[in-house]
Structures are given as C-alpha cells and as structure tokens.
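Me: I have a structure here and a few quick things to ask. Can we go through it?
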Amino acid sequence: SAEAYSLYLLARQYWVYGNFGDARREERVMRICGRAVQLDPYYGQAWALLAFAQSTLRYCFGCEVDDGFAAAHAALSVDSNIAEAHCTMARRLEERLLFAEADAKMETALRLDPDSWDVNREIARVNLRDGRIAEAARYFERAVSLMESDVQSWARLVTCYHALGDGPGMRKAAETTVAQAEQVLAHDPSNGA
C-alpha cells in the first residue's frame, strides 16, 4: 500500500541518516517498519529493514529484543532475493560462532545485490573483524561510493588506510569524514555519533 511504502521510506531515512550509536535510531526504525508490515505483511523490504534494526539492537547494544531472525525469515519468505535479509541471517550465525555459514550467507547477499549499501557495510564490518583490512577497505569504499554521506564508513576507511600504510588515502578519508560529519551536524545538531 502507499501508506506502507511511505512508512518504509521514513524508516529508511532514519536508518541511513539517524544517529549511529544511539539505540533510539533502531527503536524508531523498528516501530515504523512494524507499522509498515502491519499494513502490508508482504512488504519484504520493510521486513528486512526491521530485521536489521532488531539485529543491531540485540548484538550492538545488548538489548533484549528479537535478533531479527524472524523478520529476516519473513522478508525471505516474501522474496528470497532480498540481500539485506541474508545479512541479518549471517549476523545471527556469526554471533553463534558459525563463521563459515555466516560467510556463505554474506556471499549470497553480495551476489544478490552487489550495489546494496547495507550489504557492503556488513561485509566490510566482517572483514574488519577478521583482520582482513584490505578487503574491508574495498567494501567500505564501495559503501561510500553508494552513499557518500556515510560518515561511519568514511571513518572506518581512515582506520583501514592507516593500517595499510596508505597516508594519502587516510588523509582523503579523514577530510571527507570531517566534511560529511559537518553536513550531518548542520542537519541534526544532536547527532553525537
């Protein structure tokens, strides 16, 4: 429905431009997506975004909420090609130390949508966690090419380039991080991240 689509777009806006590091971003996205899927239970993208928000609340903030598995499963039952839902499934496997299975899910997500900002950020995070700095940098680079305003990925690129000994890359990433952060703060002065 048009209302569900409008709600999804609002939730996506909070997801992309919200205050990373503040659990209220995820809570807001969950509420809005929850309403969207009430209106349209077959809205796979809204289920997938709900799954991402739940997973982040559970695994990054330690909140006692569903880990996104049920919402990701709902998204995939609507459309098995929703790459972002595979990322949430991968995160659950990763948290259970099933790394090979998690990596396979991430490969599926990337194959399904190599141009997904969320997928590239998740793959970069996994590579960074595993100490594969060059690979992490490649996926963070892809993420910022898809969404230049992604301050968090620019900041992580500073770390990657520093570890790789790429001074010019580190300097460019740092300058872009500051420029993008200034734009975010001009739009939302309360964004502490």
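Me: First, is Cys-160 buried or exposed?
Reply: Cys-160 is buried, at 0% relative accessibility. Buried means under 20% relative accessible area, exposed over 50%, and partly exposed in between, using a 1.4 Å probe and protein chains only. This is a predicted model, where local features need pLDDT of at least 70, side-chain atom pairs count only at pLDDT 80 or more, and totals for chains, interfaces and linings use all residues. Residues are numbered from 1 along each chain as its sequence is written, and side-chain values use heavy atoms, leaving out hydrogens and water.
Me: New topic. Which residues of α1 are buried?
Reply: Ala-4, Leu-7, Tyr-8, Ala-11, Trp-15 and Val-16. They sit on the same side of α1, because they cover an arc of only 165° around the axis, taken from the directions from the helix axis to the C-beta atoms. Helices are DSSP runs of H or I with at least four residues, numbered from the N terminus.
Me: What covers them?
Reply: The cover includes α2 (23-39), α3 (44-61) and α7 (117-129), with contact meaning heavy atoms within 4.5 Å.
Me: And what do the buried residues of α2 pack against?
Reply: They pack against α1 and α3. Among the buried residues of α2 are Val-29, Ile-32 and Cys-33.

Key:
Helices (H or I, at least four residues) and strands (E, at least two) are DSSP runs, numbered from the N terminus.
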